[in-house]
Each structure stands twice: as C-alpha cells, then as structure tokens.
Amino acid sequence: MYDLRICGGEAYLDRQWARTNIYISAGRIANISEALLPAVKHVDADGLKIIPGLIDPHVHLAMNSGPYTTADDFYSGSIAAAWGGVTTVIDFLDERPTGEGIQKEFERKRKLARNCVVDYGFHAAICELRDTAENIAAAALRIGSPTIKLYTTYKPAAYSSDETVEKMIKRSAENDIRILCHAEADDLIDFDLQDLSQLSKARPAEAEITQVLKIAEFVRKYEGNAYIVHVSSGTTIRKLLSEYPDILNKRLYLESAPHYFYFDDSVYQRPDAFLYSMTPPLRPFSEQEILKTDWRLLSVLATDHCPFMSAEKKHKKISEIPMGVGGVEQSFALMYQLFGDEVIERYTKNPAVLHGLYPQKGCLQINSDADLVFFDDQRESCHLGNHSKQDGSIYRDIVVHVRIEKVMSSGSFLINNGVQYGKKGKYLSRKLTSSL
Ligand SMILES: [Zn+2]
C-alpha cells in the first residue's frame, strides 16, 4: 500500500508527456504505473501537466549589498519560490579567501536558512585566494558544496584575479568540483560612467565575452569544469560555439535568466529604469535576438533572484543602486511561455546534474524525492503572481498562459489550488556524480 497516488495527470517522462499514475511513499516516488494500485491517499491531477520540482540554482536571499539587505530572506524568498514551482534553491555563501573562512561562512548562512520552506543548498564562494586550491576544494566538499563560485569583478572584496581563476579551474580537473564564474572583465568596465541611463555601456557585452573566452581557454588547457552564471549576451554563446565547440556543454556550461529574454537595454532610458538594474545589465536588442536564437546551448535557466525594495533602488547614480531583480516565482512560466517543453530539463534535470543533486532531484524516477509541479498551459491569460516581499516586480505587466496549480515537496503539498501549506525545507548536501 502506497502513501499517496496521483492519478489523471500527464507526466513528463523521457521528454514526453505520458498519462500515468505516480505513487509516493515516505516522501519519495515509489512507482510510476498506468495500473491503479492501492494507496492511503488519492490526488486527482485533473489533466494537469506534471514535471519534477524546479531547481533554481542561483538565488540570493538574506544578502547584504552595501547598506541594504535583499527584500527576501530565506522564508519569504522560499515562499515565492514555492508558488513558482521551485522546490529547491541554491544560494551563495559570501566570498571567503580560505577554506577555514568557507566553513565559518557556511555555519553563519545555514542559521539564516533555518526557516526556508523549500529544500536548499549553498554554493561556496571565494575571492582572491589566501589558501591553496586544494584546501578550498576540500572545505567546499566538506560542507556538501561541490560548486565554487568566483567573481572576476567587484574589486576589492569579491574579486578573483585571473591567477585565482586559473588555479581553481586547474583544480577542477579532478572532476569533483565545478567552478561557477561571474564573468565580466573588470578592466573593461567603465566606472566613470555613472548615470543609470548608461548602465549597459558601463558594463558592456565585450566585458562578458572577453572574460568568458579567457575562462574557456583555462578549461581547455587543464580539462577543467566550469559554468558561467547569468550569460547575458548572445554573442558570448556564438563565440564559444565557433571557438570552443570541443568543451562547450562538455566541460563548460552556460546559465541564463529570464530578464535577459524579456527586456533589453532600452529600458534604461525610462523613468523607472532603476527597477531593471542588475549586473551584468540588460543588453542591446541585437544581443537579445541572438540569445533567443541560440538559447538551446544554455544548459540551465536560473534567476539570479536578488530583489531590493524599489525605494532602495531609486537612485540615478549606478554605484548607489543595489543591483539585482526578483524572478524566482515567475521564471518557469515566463520561459515556458516563450519556448515550451524544451525549457523543462533546463529547470530540472540539468541543474540537478550540474550542481550535484541528480537523481535525488530533477527527475520523475523511482526513489527520487517526490517533488512535483502540476501546471496548466492552456489558461486564457493570467498575470504572474508575486509573493516575494519585493514591490515593483519587473514582470508585473506580463501576461502568460501558464499557471502553476499545485506544488509538492517530498510528497506533501506546498501549494494546492491557491492555498499555501507550511513546511520546512531540508539542507541538501551535494556531490557531482553524473554528467549531462
Ligand atoms: Zn548572482
């Protein structure tokens, strides 16, 4: 006898929709079968589409930026995530230069995440190293984070030089860690341009392209493992495809976020431009067009959810604005609306594999966590919800035909037909085991 049976839905199995029943016991998927088998509880999926719980591997909750803290802490941010079908978030530790620092920072951040309602993990993060790559890798692996983030900008606090990048990518050749890179060549950023209307000129696409190619060269040289977060320019993808086809999507993976698909840098001329401020910034329309053409070369769609209240963002001078936008709740509906079924694995299996959660997460398979999203893609039209604490979502006026109706985490409902249920997420210790 199973704990729960879900009937009458269409499940996404092996990239196809299948009318079948999903059986759950002890929080995990126990069987997938067209047969009607006995279970204690029964859920009628009512023809909805069922996919694995979404994974957002790029969120910033309870993060400080200058005098400001993100509008969402782990509680409010994870509630917004749940409404958007996201049952796993991976946040970032603050940058530390030593293995010991990573361990302490993990203990600090883990306390902040205690009230997270979805499952969660952390990426270790480094700045200019005062330790060996070996010690950094060992510390990250000890806390269950095989993913180590670095920034090639944000001097001096968060910045990593090319030497640090090279050292870490060299270490990643052992295949037990992956280096996540915020790639903008710091010396190509024009810090003298300070008017918000010039944001995309101050941090141009060339800065991203140049730095990504440098990272690709290290990856090829050492047979390392890297992942570029928030790719913003289509040309970045095109250049990699023409110059590094041997490593693209084999050793070097790409992530992007919905805001680069929905907006271009013309918004920086608007009076509410501050709401659209993030790094890297929105790109010219021509770059967005390429991104929309070549998007299948992206392995992961994430959000970089990093919202601040609009009153805090309302400045004209770039250096005074806390950078970042929200999106964890709206992301899937937005991208499904654009590209349909092909986005599903980029929110499920691919992030699970690349961030060391597969097959516990990211798939509908026996023994996987029973994290499920039930959605309807035939709605007349609906606005996207916003349960984040942030006001002024940049997606407030967008209408979609996709609506997430039910969300289940480890076999219990987080969301069911407009009602939110209390639940506590668990910390996920991750390990790189499989490849895409
Ligand atoms: Zn980020």
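Reader: How many Å separate the centres of domain 1 and domain 2?

Author: The centres of domain 1 and domain 2, taken over C-alpha atoms, are 28 Å apart. This is a predicted model. The assignment gives domain 1 as 2-51 + 370-420 and domain 2 as 53-354.

Reader: How many residues of domain 1 are in contact with domain 2?

Author: Domain 1 puts 29 residues in contact with 35 residues of domain 2. On the domain 1 side, strands S16 (372-376), S19 (403-409) and S20 (412-416) each supply at least two residues. That side has 15 nonpolar, 10 polar and 4 charged residues.

Reader: Now helix packing. At what angle do the axes of H6 and H7 cross?

Author: Angles under 35 degrees count as roughly parallel. The axes of H6 (residues 205-222) and H7 (residues 234-243) cross at roughly 30 degrees and come within 9 Å. H6 and H7 are therefore roughly parallel to each other. Their crossing is right-handed.

Reader: Which residues of H6 and H7 meet?

Author: From H6 come Ala205, Glu208, Ile209, Val212, Leu213 and Ala216. From H7 come Thr235, Thr236, Lys239, Leu240 and Glu243. The contact of H6 with H7 has 6 nonpolar, 2 polar and 3 charged residues.

Reader: How do H4 and H6 pack?

Author: H4 (residues 162-171) packs with H6 at an angle of about 35 degrees, and the axes are 9 Å apart. The crossing of H4 and H6 is right-handed. Asp162, Val165, Glu166, Ile169 and Lys170 in H4 meet Lys214, Ile215, Phe218, Val219 and Tyr222 in H6. The residues of this contact divide into 6 nonpolar, no polar and 4 charged.

Reader: On to the backbone. Is the peptide bond from Lys155 to Pro156 cis or trans?

Author: Read omega. The bond from Lys155 to Pro156 is cis, with omega near -5 degrees. Pro156 sits in the loop between strand S11 (147-151) and H4. The bond from Tyr358 to Pro359 is cis, with omega near 0 degrees. Find Pro359 in the loop between helix H13 (349-354) and S16.

Reader: What is the phi of His230?

Author: His230 is not a glycine, yet its phi is positive, about 30 degrees. His230 lies in the loop between strand S13 (226-228) and H7.

Reader: Is His230 buried or exposed?

Author: Count C-beta neighbours; 20 or more within 10 Å means buried, 12 or fewer exposed. His230 has 21 other C-beta atoms within 10 Å, so His230 is buried.

Reader: And Asn367, buried or exposed?

Author: Asn367 counts as exposed, with 11 C-beta neighbours inside 10 Å. Asn367 is in the loop between H13 and S16. Its phi is positive, near 85 degrees, and Asn367 is a residue other than glycine.

Note on methods. Residues numbered from 1 in each chain as written. Predicted model: local features only at pLDDT ≥ 70, side-chain atom pairs only at ≥ 80, totals over all residues. Axes fitted to C-alpha atoms, helices over the stretch in contact; angles between N-to-C directions. Helix = DSSP H or I, 4+ residues; strand = E, 2+ residues; numbered from the N terminus. Parallel < 35°, antiparallel > 145°, perpendicular 65-115°, else oblique. Left-handed = near helix turned anticlockwise from the far one by under 90°. Contact = placed C-beta atoms within 7 Å. Nonpolar A, V, L, I, M, F, W, Y, C, P; charged D, E, K, R; others polar. Domains from an automatic or database assignment.
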